[in-house]
Structures are given as structure tokens and as C-alpha cells.
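Visitor: I have a few questions about this one. Can we go through it piece by piece?

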Amino acid sequence: MSAIIRAKGLSKKYGAFQALNSVDFTVERGKIVGLVGPNGAGKTTVLKAILGLTSFDGELEVLGLDPSKQRDQLMKRVCFIADVAVLPKWLKVKDAVEFVTEVHPHFNLERAQHFLGKTNINPNSKIKELSKGMVVQLHLALVMSIEAELLVLDEPTLGLDILYRKEFYNQLLAEFFDEGRSILVTTHQIEEVENLLTDLIFIREGEIVLDASMDEVSDKYVEVMVARENTEKALALNPVMERDVFGRKVYLFENVSREELQAIGETHSPSIADLFVAKMKEAK
Amino acid sequence: MRTFKALIKREYWENRGSMFLTPAIMTIFFAGLALIGLISANSITVNGDDFSILNKMPQLVEQIEHHSEEERERAVQIALYVPIAIFGFVMFLVSVFYSVGSLYDERKDRSILFWKSLPISDTSTVLSKFAAVTLMIPVFYFAALFAFQIYSLIFGTVLLWFGGDSGLVVWASSNLFVVAFNSLVGLVMSSLWLAPIWGWLMFASVCAKRVAILWGTLPIALVAIAEGTVFNSAEFISMVGKHIAKGAMVATASINNLEREGGALGMDLQHPLEAFSVADFWIGLVVAAGFLAGAIYIRRFRDES
């Protein structure tokens with residue numbers, strides 16, 4: 001397995017504030033990794049370090065390159081979408097396409113034209129004349145036409161309505177993602193990415209609190225809807241979280257065998273959002 | 001090279017208004033003004049005296065014939081060069097605002113994150129902006145100036161027709177291509193002369209947190225005030241002022257050559273290219289290089305939040 005990103009002891013301080021505290025993780029080729037955490041947890045700092053947009057301490061290797069020193073080479077193989085607002089408003093659509101064609105050695109113009117042909121975007125429009133959804137379609141068309149090995153997405157669907165949000169990820173999966181590439185995505189809308197992630201990293205106050213594949217997550221974490229008479233038994237197994245659903249108790253267990261849990265109620269895999277809440281509360 | 005060309009084009013797309021439309025509109029405006037001036041002057045009579053230019057043309061044609069060829073050439077060429085002053089002045093203002101916004105606007109609208117998502121070095125980006133101000137803007141202002149110079153010749157020719165002359169004398173005296181070349185070189189050289197100003201403003205632009213023009217101008221004012229308070233002198237501000245004034249002298253060196261008025265501020269240029277032999281020109285380029293290196297460094301390592 002080849003690692004696309006390898007971080008060891010990655011740290012970052014803003015003055016006295018420790019944004020990242022000696023974080024270790026790897027992202028393998030062919031994975032879609034969700035980096036999830038509350039505001040100020042250090043998600044964006046991780047992304048900025050990976051993209052060479054900020055200085056850091058510790059070791060970090062992206063595609064075998066050091067982002068703090070070899071940024072220009074790195075950006076030939078890495079794409080990112082920061083959020084929807086960053087395409088310059090004065091730029092015309094056709095000029096944006098021309099510009100990327102000229103400066104990017106791995107940009108495929110036919111592909112971009114194919115993607116744009118499927119939209120209602122007028123090539124002569126300026127970006128400020130496009131709707132928010134169209135700007136995202138344009139940005140995505142540009143990015144998906146770059147033969148990149150790593151795509152970094154930072155809250156890519158922020159401020160989009162639900163129709164575009166769904167389409168955004170569907171298109172990425174269908175047209176861009178393959179086993180040679182990796183995607184690293186941060187988002188607040190966990191539920192909209194949970195079905196496409198292969199790996200999950202939770203980050204809280206500059207530290208990683210969970211780093212696992214989705215398969216490991218569903219093996220390790222089980223939610224049980226417990227009948228009233230079994231609540232005592234459930235509590236004895238040390239659930240990491242409890243909540244009420246329609247008057248019944250739902251408990252989340254970590255590393256408890258499924259057989260044991262099936263005895264006390266109806267088991268299922270927790271949603272990532274519930275797991276996230278549990279993990280964020282746990283350490284406090 | 002391909003990237004650099006694309007970056008230069010990018011600057012044009014973003015600044016089409018100040019780089020292309022402004023000088024084009026100036027040419028059209030002054031061309032219109034000359035025409036209106038002629039037409040309205042033609043209908044003025046004061047106390048029965050005819051002030052009409054067109055009716056005076058035959059006298060003028062007669063006078064022209066009394067002048068030597070050299071004198072005619074001087075008159076025509078000075079007339080062609082004079083608009084450099086106004087085109088150069090507007091170009092200066094446009095260049096100030098261009099430089100001061102060049103590395104600030106992209107952060108203000110966050111589009112820097114898009115530019116930085118592409119494999120373009122900060123060095124190429126900053127140098128493309130410097131090339132835009134020292135070469136591209138002067139070329140556009142020259143093109144507009146050249147259009148106006150040709151218009152002036154046509155205008156002069158038509159005037160002479162009213163005096164019964166063929167008007168060929170204007171073209172023969174104009175030495176048009178030399179004048180055009182000197183005008184272009186004048187604008188480019190004067191922008192290069194002002195390179196330390198553009199370098200400083202681009203450096204201020206990359207540092208600016210808000211109103212970039214204040215970041216570009218306030219430090220200069222503060223240094224001047226500090227110097228005045230501490231040393232009771234005004235060396236710094238007079239150095240800046242003189243350097244800008246000499247930039248105007250570089251642009252208009254060809255006029256100086258024809259008018260033979262001699263130098264000012266200890267500098268006497270007969271041709272814009274003579275700026276190459278002035279130490280201040282080279283010192284200015286070194287200072288500009290320092291500011292640009294600073295701008296590149298900050299753009300590369302600033303934490304874009």
C-alpha cells in the first residue's frame with residue numbers, strides 16, 4: 001500500500017494556542033477520508049499544512065514531497081477546493097478554462113468541456129453572474145479535469161442548497177474517484193458524506209480521537225435500542241453514550257461483542273453523527 | 001514561459017478597465033475635444049472680428065512656408081510629443097492603484113486560494129504583476145497615445161486643406177515612426193524608473209490587512225514626519241518627490257531634446273534611454289528587487305486564513 005499522506009508528530013501553534021498537538025496519521029491511495037471535528041479543532045490547519053499554505057512542526061510528507069518546501073511541484077499532483085467563494089468574480093468562464101489549461105500540465109481540456117457542456121453555464125459569463133450552484137459546478141469541472149492524485153476538499157458544499165450538495169458528491173464519485181486517487185474532505189455535514197467515506201478521522205482540540213476505516217468503525221461501534229426491562233443490563237456493559245428515541249433508550253457501545261448486545265435489544269450501526277457526538281463528549 | 005504568459009493575460013483580464021478602456025477613452029475624449037474646439041471656435045466673432053481658425057488657415061499656410069524645415073519638424077514633433085504628459089500622468093495614477101491592489105485584492109476576495117490551488121510559484125505571480133505595471137500598462141498607454149498622434153496628424157492635414165495646402169508637410173515633418181518609438185520608450189523607461197515605487201506599493205499590498213492604499217502611503221508619511229521631528233529635515237520626502245518628478249522627466253525627455261530647455265533637478269536627458277546612464281535608475285531597480293523579494297516571501301509563507 002502506498003501512502004499518499006504521511007504525518008508524524010505534526011504540530012502547529014498560533015501564538016499560545018496549540019492548534020495541532022503532535023498528530024500522526026496516514027492516508028492511503030484509493031481512500032476517501034473524512035476529517036471531522038468541531039470548529040477550531042484543527043481540521044483546516046491540517047489541510048493547510050498538507051497544501052503548503054502554512055508552516056508546521058513535525059514530519060509531513062505528501063506524495064513523497066515536503067509541502068513546506070516543494071509546494072509548486074506538489075500542486076501539479078494535488079487539487080483543492082477551499083469553499084465555493086474562491087473563484088475570482090471578475091473572471092470569465094472561458095478565461096478560467098483557458099488559464100488552467102495554460103498553467104496546469106495535467107489538465108484535460110476535453111474533459112472540462114465535456115463537464116461544462118452538461119451544465120447551463122455560458123462560457124462568456126463572468127463568474128459574478130453565475131449562481132452559487134453554477135460556480136461550484138464550474139470549479140468541480142475544472143478540478144475533475146485535472147489528473148490529480150489527491151483532492152482536498154474543505155467544506156466544499158458550504159452554502160449550497162441540497163440539490164447541488166447531493167450532485168456534488170455523486171459527480172465526484174462517478175467521474176473523478178478511482179483506486180489511484182485519494183480524497184480528503186472536511187465537512188460539517190457529516191450525514192452527506194458518510195456513505196462515501198472509506199476512512200474516518202475525528203479530531204478534537206488538536207488531537208486525533210478516532211482514526212479508523214469505516215469497516216472497523218462498524219465492527220467496533222454498535223448502537224442498541226434497548227427494551228425498558230433491559231436498561232440495567234445495558235448500563236452494566238458501559239455504554240459510551242445514551243439517548244432517548246421515542247421513549248426508548250438507545251445506547252452506543254464500543255468494543256462490545258455483537259452477540260452480547262443482541263441479547264439485550266435491537267442492534268445496528270451508529271450514524272457517524274451520533275458517533276461523533278459520543279466521541280466529542282467522551283474526552284471531556 | 002507558458003505560465004508567465006497566462007499570468008500576464010490574467011492581469012489583463014482583471015484590469016481591462018484601467019489598462020485598456022481608460023487610455024482608449026482618453027484618446028476618444030481628446031479627439032472629440034479637439035473637434036468640438038475647432039467647430040465652436042469657428043463660430044466666434046467678437047466685435048466683428050473673425051476668430052475663425054479655418055478662415056485664418058491661408059495666412060498660416062503662408063507663414064509655414066517662411067519657416068525652415070528644421071523649425072517645421074520641431075513644431076510638429078513637439079505637438080506630437082506633448083500628449084505624453086497627460087497620458088503619462090494618468091498611467092502613473094493607474095499604476096499606483098494597480099500596484100497597491102495587486103497582491104491585496106486576491107486576499108480580500110479569497111480568490112488567492114484558487115490561484116494557490118494551481119501549480120504556479122509565488123515568484124512567477126509577483127513578477128508577472130511587476131511586468132504588467134512596467135511593460136504591459138506602458139504599452140497600452142502608448143497604443144492609445146499613438147492613435148492620438150495619428151489623429152493629430154490627420155487633424156492637422158485637414159486644417160491645412162482649408163488653407164489651400166496639401167497638408168503633406170505635417171506628415172513629412174512628423175518623423176512619425178521615430179516619434180512613436182521614442183514615445184513608447186519614454187513611457188516604458190519612466191515606469192521602470194519608478195520601479196522602486198511599484199515595488200514598495202506591491203510590498204505594501206501584500207502586507208495590507210485593510211485599505212491597501214493607506215498601507216502604501218501612510219508609512220511614507222510617517223517616515224517623513226519622524227524625520228521632520230527628529231532631524232528637523234525633509235530629506236526622505238524630497239527624495240521620493242524628486243524621484244517621481246524625474247520619472248516624468250524620463251517620459252518627456254524627447255520634448256526636452258526638441259525644446260532645448262536644459263535640465264532640472266540635476267538631470268538633463270535628451271532621450272528616455274539615457275536614463276540607463278543615471279545611477280538613480282539602477283539604484284531604483286535594486287530597491288524594487290528588494291521589495292519584490294519581500295513580497296514573494298510574504299505571499300509564500302503567510303498563513304492564508
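Visitor: Where does helix 3 of chain B bend, and by how much?

Guide: The model is a predicted one. In it, helix 3 of chain B bends at Q59(B), by about 35°.

Visitor: What span should helix 3 of chain B have, and what are its end C-alpha atoms doing?

Guide: Helix 3 of chain B covers residues 53-66, which is 14 residues. At 1.5 Å a residue it should span 20 Å, and its end C-alpha atoms are 19 Å apart, so the two agree.

Visitor: What's the confidence like for chain B?

Guide: Its mean pLDDT is 91, and 96% of the residues of chain B reach 70 or more.

Visitor: Which elements of chain B have the lowest and the highest mean pLDDT?

Guide: The lowest is strand 2 of chain B, residues 49-50, at 64. The highest is helix 11 of chain B, residues 195-207, at 97.

Visitor: And the ipTM and pTM for the complex?

Guide: The predictor gives an ipTM of 0.88 and a pTM of 0.90.

Visitor: On to the contact between the chains. How many residues does each chain put in?

Guide: Chain B gives 20 residues and chain A gives 22.

Visitor: Which element of chain B gives the most to that side?

Guide: Helix 1 of chain B, with six residues. Helix 1 (2-14) and helix 7 (112-115) of chain B each supply at least two residues to the side that touches chain A.

Visitor: How do the residues on that side of chain B divide by class?

Guide: Eight are nonpolar, four polar and eight charged.

Visitor: What about box dimensions and burial?

Guide: Along the principal axes, the C-alpha atoms of chain A fill a box of roughly 70 × 40 × 35 Å, and 44% of its 284 residues count as buried. For chain B the box is roughly 75 × 45 × 40 Å, with buried residues making up 37% of 305.

Visitor: What share of contacts joins residues at least 24 apart in sequence?

Guide: Taking contacts between residues at least 6 apart, the share is 70% in chain A. In chain B, counted that way, it is 77%.

Visitor: What domains does chain A have?

Guide: The domain assignment gives domain 1 as 3-205 and domain 2 as 216-282. Their C-alpha centres lie 34 Å apart. The contact between them takes eight residues from domain 1 of chain A and seven residues from domain 2 of chain A.

Visitor: Which elements make up the domain 1 side of that contact?

Guide: Helix 7 (190-193) and strand 8 (199-204) of chain A are the elements giving two or more residues. Strand 8 of chain A gives the most, with three residues. By class, this side of domain 1 of chain A has five nonpolar, no polar and three charged residues.

Visitor: Is helix 1 of chain A mostly covered or mostly exposed?

Guide: Mostly covered: eight of its eight residues, 43-50, are buried. Among them are K43(A) and K48(A). The helix is followed by G52(A), whose phi is positive, near 70°.

Visitor: Where do they sit?

Guide: L63(A) is in the loop between strand 4 (57-62) and helix 2 (71-74) of chain A. N232(B) is in the loop between helix 12 (212-231) and helix 13 (235-251) of chain B.

Visitor: Is each one buried or exposed, and why?

Guide: L63(A) counts as buried because it has 21 C-beta neighbours inside 10 Å, and the cut-off for buried is 20 or more. N232(B) has 7 such neighbours, so it counts as exposed.

Visitor: Last one. Where is R260(B), and is it buried or exposed?

Guide: R260(B) lies in the loop between helix 14 (253-259) and helix 15 (279-301) of chain B. It is exposed, with 8 other C-beta atoms within 10 Å.

Visitor: How far is R260(B) from T27(B)?

Guide: They are 233 residues apart in sequence and 28 Å apart in space, C-alpha to C-alpha.

Note on methods: Residues numbered from 1 in each chain as written. Chains lettered and ligands numbered in written order. Predicted model: local features only at pLDDT ≥ 70, side-chain atom pairs only at ≥ 80, totals over all residues. Domains from an automatic or database assignment. Contact = placed C-beta atoms within 7 Å. Helix = DSSP H or I, 4+ residues; strand = E, 2+ residues; numbered from the N terminus. Nonpolar A, V, L, I, M, F, W, Y, C, P; charged D, E, K, R; others polar. Buried ≥ 20, exposed ≤ 12 C-beta atoms within 10 Å, placed from the backbone. Expected span 1.5 Å × (residues − 1). Bend = angle between axes of the 7 residues up to and from the residue. pLDDT = per-residue confidence, 0-100.
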